[in-house]
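Here is a protein to look at together. Please open the sequence and the structure first.

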Amino acid sequence: MQASALVFSNALVILLIFSSCTSVHSDDNVHVSIKNRLGNGKNLTLHCQSKDTDLGEQNVADGSEYGWDFTPNVWGTTLYYCGMGWEEVQQYNYDAYSFQRDFVRCVSQCSWLISAEGIYGLNGNTGFWEFAYNWSS
Ligand SMILES: *[C@@H]1O[C@H](CO)[C@@H](O)[C@H](O)[C@H]1NC(C)=O
């Protein structure tokens with residue numbers, strides 16, 4: 001292979017790598033999921049919204065999950081808050097995603113488990129589920 005052809009093919013490889021990286025950034029890059037682990041067939045009602053987006057009232061069956069994707073805004077103010085309820089808890093509000101709280105804790109995958117004792121969140125750095133919120137708090 002001639003030197004000029006080699007330079008060209010290297011440049012092409014670099015260009016392809018660069019363009020695949022930028023396409024990742026332009027897509028939705030955070031996924032939040034909320035899984036119902038209440039047990040005994042208990043339904044969870046869930047209503048999540050941000051300042052601009054209302055995800056609507058959802059019925060999440062025991063063992064199922066509800067999730068959505070988005071790109072945090074460049075100002076670092078993205079916030080999704082949810083109201084939820086089940087048999088024993090009429091209304092509980094919590095932040096399912098707060099950029100300030102989560103941009104290090106769960107970079108791209110923010111998972112929650114809703115259980116009878118409270119809410120567990122997955123810490124993306126440690127890979128551990130952490131007990132985050134008690135129903136009485
Ligand atoms: C859970 O929700 C489904 C779908 O709305 C409903 O058919 C079912 O009866 C509910 N189960 C309970 C235990 O309320």
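This is a predicted model: local features need pLDDT of at least 70, side-chain atom pairs count only at pLDDT 80 or more; totals for chains, interfaces and linings use all residues.

Reader: How many helices and strands does the protein have?
Author: Helices (H or I, at least four residues) and strands (E, at least two) are DSSP runs, numbered from the N terminus. Along the sequence they follow the pattern α-β-β-β-β-β-β-α-β-β-β. The secondary structure comes to two helices and nine strands.

Reader: In which sense does E1 pair with E7?
Author: On one side, strand E1 (residues 30-36) runs antiparallel to E4, joined by six bridges. There, Val32 stands opposite Trp68. Towards E7 (residues 109-115), Lys35 stands opposite Leu113. E1 and E7 are linked by six bridges, and their sense is parallel.

Reader: Which residues form the covered face of E1?
Author: In a regular strand the side chains alternate between the two faces of the sheet. In E1, the uncovered face has His31, Ser33 and Lys35. The covered face has Val30, Val32, Ile34 and Asn36.

Reader: Which residues touch the most other members of the largest nonpolar core?
Author: A nonpolar core is a set of buried Ala, Val, Leu, Ile, Met, Phe, Trp, Tyr and Cys residues joined through C-beta atoms within 7 Å. A residue is buried if 20 or more other C-beta atoms lie within 10 Å of its own, exposed if 12 or fewer, and partly exposed in between; C-beta atoms are placed from the backbone. E1, E2 (44-49), E5 (79-86), E6 (89-98) and E7 each give two or more residues to the core. Of its 17 residues, the ones asked for are Val32, Ala96 and Ile114.

Reader: Which strands are at the edges of the four-stranded sheet?
Author: This open sheet has the order E3-E2-E5-E6, with antiparallel pairing. Within it, five bridges join E2 to E5. His47 stands opposite Gly83 in E5. The strands that pair on one side only are E3 (54-60) and E6.

Reader: Is Leu79 buried or partly exposed?
Author: Leu79 is found in strand E5. Its contacts (C-beta atoms, placed from the backbone, within 7 Å) beyond four places in sequence are Ser50, Asp95, Tyr97 and Ser98. Within 10 Å of Leu79 there are 17 other C-beta atoms, so the residue is partly exposed.

Reader: Which residues are around the ligand?
Author: A residue is near a molecule if its C-beta atom, placed from the backbone, lies within 6 Å of it. By class, the shell has one nonpolar, three polar and no charged residues. Ala, Val, Leu, Ile, Met, Phe, Trp, Tyr, Cys and Pro count as nonpolar, Asp, Glu, Lys and Arg as charged, and the others, Gly among them, as polar. The residues are Gly41, Asn43, Asn59 and Ala61.

Technical notes:
Residues are numbered from 1 along each chain as its sequence is written. Two strands pair if DSSP finds at least two bridges between them. Two residues are in contact if their C-beta atoms, placed from the backbone, lie within 7 Å.
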